[in-house]
Every structure is written in C-alpha cells, then in structure tokens.
Amino acid sequence: MTGSRSEIEKIVGHLAKADLDPNADVVIAPTSLYIFQAQSILAAAQNTQIQVAAQNVYHEKPGAHTGEISVQQLKQDGINWTILGHSERREAGESDELVAKKTKAALDGGLSVILCIGESAEERRDGKTEEVCARQLQAIVDAGVKDWSNIVIAYEPIWAIGVKALRPATPEEAQDTHAALRKWLAAAGLQPNAAETTRILYGGSVTADNCKSLIAQPDIDGFLVGGASLKPQFVDIINATRA
C-alpha cells in the first residue's frame, strides 16, 4: 500500500523517460488503485518497454467476491502480468494451495505470473530453505500447471527483506538457492528445457549498491525490487547488466 497519486505520477513519469537498457524486461506493480494511472502515464510517454502488473488476483470468475480483482478484469484493460505469493501475503495467511489456485487461474486466463517463494528466518536457521521452496513450487504443479513458460519465479528470502531483515544475503547465498531452484525445475516433469528457460529473479533487498554483484551470478536472471523501486536508483538496478 505504498504511494499516492502524485507520487505515482512522479515515479512512473521519471521511469517512463529514463534511459533503460533495451534488453531489460521491466514490469512495475503499483497498488491496484493506481494500476491504470501508471498504464496511462506510460502510454502518454509512448513507452512500450515497461509493462504494468497487478499485485494480486483472485482465482474465481467475476461475481460476488467483494474486494477481489478477477483475471478477466485485468485482461480486458490490457494488464498482462500479476504478482502472486508475495511474502507479505503469505505472512497474512495465504496458503501454498491458495497461491497455486490463483496461479493456475491467472495462467489459464492469459496472464503471466511473477511467482514469489522463499523461507523465513527460522526455516533458514533450521536448514529448510530448499525444502520450503520446493514445497511452494510443488503446490503449483499439484494444481495442474505443467507449462511454466509464462511463470517467472521470484525468490524472496524473508529474513533478508525490509526493516526487519536479519542481514542481506550474500551473492553466493542467493546463487546457491537459485541453483537449487533450477535443479528442482529440471526434475519436476515440466515442459522441455524448463530449467534453462524459466527466469528466476532475486528479491532480497536489492539496491543499486548490490545489484551488479548479484546479477553476475549465473542463476540470477533479474530482480524483484521493493523499496528501491520507489527511488531514482531503480534505473541503476534495471541497468545492472549494462557495460
């Protein structure tokens, strides 16, 4: 629930006119109240590189579901992405099964999904990182999703995020988990080459200071950016692979 109408105007307006790496796929996800404002700002700037995502979507068809947004409602207004399973929503009570239902509904309805997974500090301490991530991913398979070509995985180590972060993850720690996720993809019985073609983003307090060392890791394909996306340094993060 970050931002106001004037702040969105400033942030998205700046981003729309910035010199961005043309090889970078950029998706921004304002709160639902400002999705279409962001879309309008980008259209006015004739910026076709940046796409807009919802922060959440519901798995049922349009109907009596007060407070929810349907896949169909997003699609009819040109929104083609949604984030699902964000750590803050999981901490608020969303189960693996609910995230999986939403993911299948989004994919079936033509949306691409940024699927967030990740472990808590306690799970990290107990050596359960790979177990937790595998469980969260397996729920998507169990919901009937075999084609992951429109899924982007975002690994969020909860213990490294935000003001309550224990510490930042090192690039090596992030790489180890990303490599394990790719190994899981290879063994999950998905579409051919899923392990090689599925993009895996890192989402643990990415900043302009650490983005280059993170993106240099072989299994980190990009970033899910939180607080830094509200600052001018977001452009530097997008351009992390630029020479």
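Student: Let's start with glutamine 51: what is its relative accessible area?

Tutor: Buried means under 20% relative accessible area and exposed means over 50%, with partly exposed in between (1.4 Å probe, protein chains only). Glutamine 51 counts as partly exposed because its relative accessible area is 34%.

Student: Before we go on, what pLDDT do side-chain atom pairs need in this predicted model?

Tutor: Residues are numbered from 1 along each chain as its sequence is written, and side-chain values use heavy atoms, leaving out hydrogens and water. The model is predicted, so to say: totals for chains, interfaces and linings use all residues, local features need pLDDT of at least 70, and side-chain atom pairs count only at pLDDT 80 or more.

Student: Back to glutamine 51, then. Which strand is it in, and what does it touch beyond its sequence neighbours?

Tutor: Helices (H or I, at least four residues) and strands (E, at least two) are DSSP runs, numbered from the N terminus. Glutamine 51 sits in strand E2. Contact means heavy atoms within 4.5 Å; skipping residues up to four places away in sequence, glutamine 51 touches Val26, Val27, Ile28, Asn80 and Trp81.

Student: How far is glutamine 51 from tryptophan 81 in space?

Tutor: Along the chain, glutamine 51 and tryptophan 81 are 30 residues apart. From C-alpha to C-alpha, though, the distance is 7.9 Å.

Student: What is the strand order in the sheet, and which strands are at the edges?

Tutor: Two strands pair if DSSP finds at least two bridges between them. By that rule 7 strands make an open sheet with parallel pairing, in the order E1-E2-E3-E4-E5-E6-E7. Two of them pair on one side only, and these edge strands are E1 (26-28) and E7 (222-223).

Student: How is E2 joined to E1 and E3, and which residue stands opposite tryptophan 81?

Tutor: E1 and E2 run parallel over 3 bridges, with isoleucine 28 partnered by valine 52 in E2. E2 (residues 50-54) and E3 are parallel too, joined by 2 bridges. Opposite tryptophan 81 in E3 stands alanine 53.

Student: In E3, which residues point one way and which the other?

Tutor: In a regular strand the side chains alternate between the two faces of the sheet. In E3 (residues 81-84) all are buried: Trp81 and Ile83 point one way, and the other way go Thr82 and Leu84.

Student: Which residues of H2 are buried, and what covers them?

Tutor: The buried ones are Ile35, Gln37, Ala38, Ile41 and Leu42. Their cover includes helix H1 (5-17), E1, E2 and helix H3 (71-76).

Student: How do H7 and H8 cross, and at what angle?

Tutor: Axes are lines fitted to C-alpha atoms, for helices over the stretch in contact, and angles run from 0 to 180 degrees between N-to-C directions. A crossing is right-handed if the near helix is turned clockwise from the far one by less than a right angle, and left-handed if anticlockwise; H7 passes H8 in a right-handed one. The axes of H7 (residues 129-142) and H8 (residues 171-187) come within 10 Å, and they cross at roughly 40 degrees.

Student: Which H8 residues make that contact?

Tutor: From H7 come Thr129, Glu130, Cys133, Ala134, Leu137, Gln138 and Val141. From H8 come Thr177, Ala180, Leu181 and Trp184.

Student: Is glutamine 191 buried or exposed, and what does it contact?

Tutor: Glutamine 191 lies in the loop between H8 and helix H9 (194-197). Its relative accessible area is 19%, so it counts as buried. Setting aside neighbours within four places in sequence, its contacts are Lys146, Asp147, Trp148, Ser149 and Thr197.

Student: In the loop between H8 and H9, what is phi of asparagine 193?

Tutor: Most residues other than glycine have a negative phi. Asparagine 193, placed in that loop, has a positive phi, near 65 degrees.
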